[in-house]
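Q: Please take a close look at the ligand site in this model. Which residues surround the ligand, and how do the parts of the protein contribute to the site?

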Amino acid sequence: MSSSPIRRIAVLTGGGDCPGLNAVIRAVVKTATREFGLTVAGIENGFGGLIQNRMRELAARDVFGILSRGGTILGTTNRDNPFHFPVEIDGQKVMRDVSDRAFENMSIHGVDALIVIGGDGSLTIAKELFDKGMRVVGVPKTIDHDLSATDATFGFDTALNTATEAIDRLHTTAESHHRVMVLEVMGRYAGWIAIESGLAGGADVILIPEIPFRMDRVVAKVLERRDEGKPFSIIVVAEGAKPLGGEIVVKRRVEESFDPVRLGGIGNLVAAEVEGQTGMETRVTVLGHLQRGGTPTAFDRILSTRYGAGAVNLVMEGRFGEMVCLRGPAVESVPIEQAIGELRTVPLDGDMVRSARQIGIALGD
Ligand code: F6P
């Protein structure tokens, strides 16, 4: 690995977008240029842009006004992996390791180090590039709150607030029409968005991947409420929830992405069962990508800003192969492999689950 002084860095966003990415980019550019006198190259569309040599200059004026903007000004993709990249040979598409091109393009643009803002897929690639000799640091992102190596990732708080607002809105219409409303939220294999928005929004039933549910328990809760004079209910179901002894519901596969499985559809299954077994009109809302779009909350803007500045500090301290993380009140760092090793799921013996039960929320078991 080179030990030449750092004069120019590059930054890319990889994987699914999430609120706060622009705030990280802004903090990276401001810290790099103002504090350390570096120049910054922005790589377009994640690792695809690194392979296809799509870099543009990012000066302070390029990041004015983006703190509160959702998405990423650099673009992103969850399909492109330099170690497994589609190339055409004799008219046929075949997968090849083209990671050498990433090194060549960094060198063409005089880039000394790379900041990768991404989830488990992008950070896995970042680790492989580091192992191959690139000077890389990571910034973790995901709305799912499922990375065990950090207390928080930006994007989750915004998604949580969006889901909570949706529950508030469903409540008034559910009560007026005496209906059961099912809200399906994201989160992949972790139930954080579901359980936290369900608690914040006062849901009656919350179904999460960590607790395989029994339909009779869900139906019993809805009927119990009706018998108490509350002929409406709110059920929040995580996209990764599954019935006891049943399977997770897969909506589609996106081949070439780190995890090709795309979840979705469990909300409809739950709603059909509830309506069939209670006779109560039951409607479904799938919140989908609304959870990933729009303005980041104050919490996410602040965390993104601290992560962006922290990532540049890691570069200047030569702490390559590491990523920024939050530990209690402080931004610290850990080796990237720790971020990609273990999934953080909702602990079944934690007070979040216990409090939900204690106030009468049914968790389907
Ligand atoms: O990991 C973030 C996330 O939004 C998950 O909650 C969801 O399962 C997935 O990405 C959806 O991915 P895509 O945007 O490719 O459909």
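A: The ligand is surrounded by Asn78, Ile143, Asp144, Met186, Gly187, Arg188, Glu239, Arg262, His289 and Arg292, where a residue counts as near if one of its heavy atoms lies within 4 Å of the molecule. This is a predicted model, in which local features need pLDDT of at least 70, side-chain atom pairs count only at pLDDT 80 or more, and totals for chains, interfaces and linings use all residues. Residues are numbered from 1 along each chain as its sequence is written, and side-chain values use heavy atoms, with hydrogens and water left out.

By class, this shell holds 2 nonpolar, 3 polar and 5 charged residues (Ala, Val, Leu, Ile, Met, Phe, Trp, Tyr, Cys and Pro count as nonpolar, Asp, Glu, Lys and Arg as charged, and the others, Gly among them, as polar). Side chains of the shell supply polar contacts, meaning pairs of N or O atoms within 3.5 Å. An N or O atom in the Asp144 side chain is 2.6 Å from a ligand oxygen, and for the side chain of Glu239 the distance to a ligand oxygen is 2.5 Å. His289 places a polar side-chain atom 2.8 Å from an oxygen of the ligand. Of the 400 Å² of accessible area that the ligand has on its own, the protein covers 80% (Shrake-Rupley method, 1.4 Å probe).

The protein is divided into domain 1 (8–154 + 296–339) and domain 2 (159–292), with bounds from an automatic or database domain assignment. Their C-alpha centres lie 33 Å apart, and their contact (heavy atoms within 4.5 Å) takes 16 residues from domain 1 and 16 residues from domain 2. Each of the two domains gives at least three residues to the shell around the ligand.

Conventions. A polar contact is a pair of N or O atoms within 3.5 Å; within protein, one must be able to donate a hydrogen and the other to accept it, and residues adjacent in sequence count only if both atoms are side-chain atoms.
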